[in-house]
Every structure is written in C-alpha cells, then in structure tokens.
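Hi everyone, thanks for making the time. I have one structure to walk you through today, so let me put it up on the screen.

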Amino acid sequence: MRKGNGGNGGVIINISSLAGLMPAAFQPVYCATKHGVIGFTRSIALAANMDNYGVRLNTICPGFVNTPILQSIDKEENMGQYYSYKDEIKNMMQFYGVMDPSTIAEGLITIIEDDTLNGEVMKITASQGIHFQQYGQTPFPSSKR
C-alpha cells in the first residue's frame with residue numbers, strides 16, 4: 001500500500017476494544033493485547049506520517065455489541081475462572097450500553113472517509129456514541145531529523 005513501494009496508499013483500521021483503554025480484572029490477556037493494538041497503530045501511524053507512506057492507520061475501540069458472545073457470560077463453562085466477575089461485566093454493559101453492529105459500521109465509514117484521521121483511536125459505545133480518545137502531544141516532533 002505504501003506509495004514509496006509502488007502502492008496507491010490507503011487506510012488501515014485496526015480493531016481494539018474499550019478494554020484497550022482501561023484495566024479489566026476479568027480479562028487480563030485480552031486487555032493487554034488490545035492495549036498493544038492501540039500502541040502499535042499509533043506508532044506505525046506516526047512512522048507513516050514521518051515517511052509519507054500515503055497510508056493512514058487508525059484504531060476503533062467498540063464497547064459491547066449485540067452479538068451471541070454476550071450471552072456466554074452467564075455460562076460458567078464459557079467464562080472459566082472469570083465467571084465470578086459476571087456481575088461486574090453486566091454492570092459495565094449497563095453503564096456503556098449494548099449497541100447494534102451498525103453503529104460500528106458508522107464509525108468505520110467516518111474513519112475511511114476523513115482523510116485527516118491518522119493515528120486516531122475511536123471509541124464507540126451505545127451510551128456515549130462515536131468519539132475519539134484524547135491524548136497529550138508527543139514530546140518529540142513528528143518529522144524526520
């Protein structure tokens with residue numbers, strides 16, 4: 001995709017989760033990997049900008065989506081050692097709400113169509129809608145030295 005390698009540029013959208021933005025006692029490995037997706041995306045987006053790849057990279061962090069997996073939290077055989085956290089998970093579901101997959105599609109379209117978005121982390125929840133994670137400025141300039 002990189003223009004310097006003969007590509008036409010484009011957009012890469014990585015999928016993380018709200019669990020990538022906060023700790024989750026009942027999902028430590030999932031949480032760690034989703035934090036990693038965010039850090040990876042933001043770092044590669046910075047490199048792509050510095051070297052004029054012509055490729056934008058962003059991440060979406062959906063909250064709870066109305067899919068069959070949400071029904072599994074009431075089943076101990078699916079949750080294993082984390083079954084004891086089912087009430088905490090249900091409380092989080094109530095706080096953030098459960099959205100329809102079409103809300104995720106709406107966020108994806110925004111990222112695809114807005115050419116100014118690179119290295120952004122989009123949060124999508126039923127209760128707060130589509131919005132972006134705010135970060136402070138990096139301490140280093142985003143241009144080659």
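Let's begin inside, with the largest nonpolar core: eleven residues, namely Leu18, Ala24, Phe26, Cys31, Phe64, Leu70, Ile73, Met79, Ile89, Met93 and Tyr96. By nonpolar core I mean a set of buried Ala, Val, Leu, Ile, Met, Phe, Trp, Tyr and Cys residues joined through side-chain atoms within 4.5 Å. Buried is under 20% relative accessible area, exposed is over 50%, and partly exposed lies in between, with a 1.4 Å probe and protein chains only. Helix 3 is the top contributor to this core, with three residues. A second, separate core has eight residues, among them Ile60, Val65, Ile104 and Ile124.

Contact here is heavy atoms within 4.5 Å.

Before I go on, a word on where this comes from. The model is predicted, so local features need pLDDT of at least 70 and side-chain atom pairs count only at pLDDT 80 or more, while totals for chains, interfaces and linings use all residues. Residues are numbered from 1 along each chain as its sequence is written, and side-chain values use heavy atoms, with hydrogens and water left out.

Now the overall layout. The protein has four helices and six strands, and from the N terminus the order is β-α-β-β-α-α-β-α-β-β. These are DSSP runs, numbered from the N terminus: helices are H or I with at least four residues, strands are E with at least two. The C-alpha atoms fill a box of roughly 55 × 30 × 25 Å along the principal axes. Of the 145 residues, 32% count as buried. Among contacts with a separation of 6 or more, 62% come from residues 24 or more positions apart.

On to charges. How many salt bridges does a search of the whole structure find? Two, where a salt bridge is a side-chain nitrogen of Lys or Arg within 4 Å of a carboxyl oxygen of Asp or Glu.

One joins the side chains of Asp115 and Arg56, at 3.8 Å from N to O. Asp115 sits in the loop between helix 4 (101-113) and strand 5 (121-125) and Arg56 in strand 2 (residues 55-62), so this pair ties together parts 59 residues apart in sequence. The two partners are worth a look: Asp115 is exposed at 61% relative accessible area, whereas Arg56 is buried at 9%.

The other brings together the side chains of Lys90 and Asp74, at 2.6 Å from N to O. Lys90 belongs to helix 3 (residues 86-96) and Asp74 to the loop between strand 3 (64-65) and helix 2 (76-79), 16 residues apart. Lys90 is partly exposed, with a relative accessible area of 34%, and Asp74 is partly exposed too, at 42%.

My last stop is Arg42, in helix 1 (residues 28-50). Is Arg42 buried, exposed or partly exposed? Partly exposed, with a relative accessible area of 29%. Not counting residues up to four places away in sequence, Arg42 touches Gly119, Val121 and Tyr135. Arg42 and Gly4 are 38 residues apart in sequence, and their C-alpha atoms are 20 Å apart in space.

That's my tour, and I'm happy to take questions.
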